[in-house]
Amino acid sequence: MKKSVDILGLPVISITEGRELGMSKTLLIDAPNRVVAAITIEDEDWYRGVKLIPYDNVIAVGEDAVTINNSENILTLDAAGDFETLLDDNIRVIGTKAITRTGVIQGTITEIFIGDDGNIEKCEITTPEGSTSEVTADQVSIFGKEVTVISPEGDAGKKSDAAAAPAASAVTAPVVEEAAAEPVAEVAAPAVEEPAAPVAEVPAEEPAEVPAVEEAPVEVPAEEASTAEPAVPAEEPAAAEPAEDKSTDRVNEDRHRRFLLGKKATRTIKMDNGVVIVEAGADITEEVLQKAKLGNKFIELSMSAQ
């Protein structure tokens, strides 16, 4: 596995002709398939247009050179029809913003690691503070032109979860049926008889003795109040969860705001009603952040900050 920096800038050597054919210049990325499709090269005729080597024709990437069979493996732009779409997309991965599905910017992609077969194995992310981390290709949802979307659980995890869901439902279905078959038949009989007896007795006593009924309601609310009390603490832990979520969101938002403050907008951002939040090239200030938040343009502003 090699970094892109270990591939670029190397001489391209034909092992059958014993010639140096040029220098490796850039990597042509096939983003949907997550592979390096080709290596573009620069030679003495660079002014005639792009030339590239399909990665399948690369014999090896060594410490000192990229080796191929012969000069016929090099394609000109006219002969590179299969790669035309990739050239138009021009997805480099390196230099794109790394952002999670929930809209939190992790940093910038500063390096990619490539396997011997050309597959992108993982990416290196550098934060504004200078710290680095790595994510595997399975944790990347989309390699975009400007943004790389990170999914921490990974695509493999999603597939396994999806496969497990129907299996789990298939197992639980018969369990529910068996449990419902026997207990319902036995419990149904006493359940119907027991509520019927007290219901018939209570209304009979209430109209018969009006004064006695005054004491009965006093006891009934007391019992209801005592039974209601345990229900309150049962709901309190559930109410605490949104507070924790809000605290986490606030921390993410504060970190996001610190990341954006002082940067410049690469394009003009407007609210839905046409009010300008920030002009292209202007500094991102606290006032700009407030406007972006009010106009629900926070993520759009993040993707346009530099």
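# Briefing on a predicted protein chain

Ile41 sits in strand 4. Strands are DSSP runs of E with at least two residues, helices are runs of H or I with at least four residues, and both are numbered from the N terminus. The model is predicted, so local features need pLDDT of at least 70 and side-chain atom pairs count only at pLDDT 80 or more, while totals for chains, interfaces and linings use all residues. Residue numbers start from 1 along each chain as its sequence is written, and side-chain values use heavy atoms, with hydrogens and water left out.

**Overall make-up**

- The protein chain holds 5 helices and 16 strands.
- It has 306 residues, and 32% of them count as buried. Buried means under 20% relative accessible area, exposed means over 50%, and partly exposed lies in between (1.4 Å probe, protein chains only).
- The accessible surface of the protein chain is about 19100 Å². Carbon and sulfur atoms supply 54% of that surface. The areas come from the Shrake-Rupley method with a 1.4 Å probe, and for residues only the protein chains shown count as cover.
- Among contacts in the protein chain with a separation of 6 or more, 45% link residues 24 or more positions apart. A contact means heavy atoms within 4.5 Å.

- An open sheet is formed by 7 strands in the order 6-7-2-3-4-5-8, with mixed pairing. Two strands pair if DSSP finds at least two bridges between them.
- Strand 6 (58–61) and strand 8 (75–76) stand at the edges. Each has a single partner strand, so one side of each lacks a neighbour in the sheet.
- Strand 2 (residues 11–14) and strand 3 run antiparallel, joined by 4 bridges. Val12 stands opposite Gly22 in strand 3.
- The hairpin of strand 2 and strand 3 has 4 residues between the strands. Gly18 takes a positive phi there, near 65 degrees.
- Strand 3 and strand 4 are antiparallel over 7 bridges. Asp30 has Val35 in strand 4 as its bridge partner.
- Strand 4 (residues 35–42) also pairs with strand 5 (residues 51–54), antiparallel over 4 bridges. Ala38 has Pro54 in strand 5 as its bridge partner.

- Ile41 is buried, at 8% relative accessibility.
- Ile41 and Ser24 are 17 residues apart in sequence, yet 4.4 Å apart in space, C-alpha to C-alpha.
- Leaving aside neighbours within four places in sequence, Ile41 has contacts that include Val12, Leu21, Met23, Lys51, Ile53 and Ile74.

**Nonpolar cores**

- The largest nonpolar core has 30 residues. Leu27, Tyr55, Val93, Ile112 and Cys123 touch the most other members. Such a core is a set of buried Ala, Val, Leu, Ile, Met, Phe, Trp, Tyr and Cys residues joined through side-chain atoms within 4.5 Å.
- The elements giving two or more residues to this core include strand 3 (19–30), strand 7 (66–68), strand 10 (105–114) and strand 13 (140–143).
- Not counting residues up to four places away in sequence, Ile112 touches Lys2, Lys3, Ser4, Leu27, Ile29, Val93, Ile94, Lys122 and Cys123.

**Strands 11 and 12**

- Strand 11 and strand 12 (residues 132–136) run antiparallel and are joined by 5 bridges. Cys123 has Val135 in strand 12 as its bridge partner.
- Their hairpin has 5 residues between the strands. Gly130 in the turn has a positive phi of about 105 degrees.
- Lys122 lies over the face of Phe113, at 4.9 Å from the ring centre. The rule asks for NZ of Lys or CZ of Arg within 6 Å of the ring centre and within 35 degrees of the ring normal.

**Loop residues**

- Arg34 is in the loop between strand 3 and strand 4. Arg34 is buried, with a relative accessible area of 18%. Its phi is near 60 degrees, a positive value in a residue other than glycine.
- Asn296 is in the loop between helix 4 (286–294) and helix 5 (298–302). Its phi is also positive, near 55 degrees. Asn296 counts as exposed, at 70% relative accessibility.
- Ala265 is in the loop between helix 3 (210–260) and strand 15 (269–270). Ala265 is buried, with a relative accessible area of 3%.
- Ala265 and Ala280 are 15 residues apart in sequence and 5.2 Å apart in space, C-alpha to C-alpha. Ala265 also touches residues that include Val278, Ile284 and Ser304.
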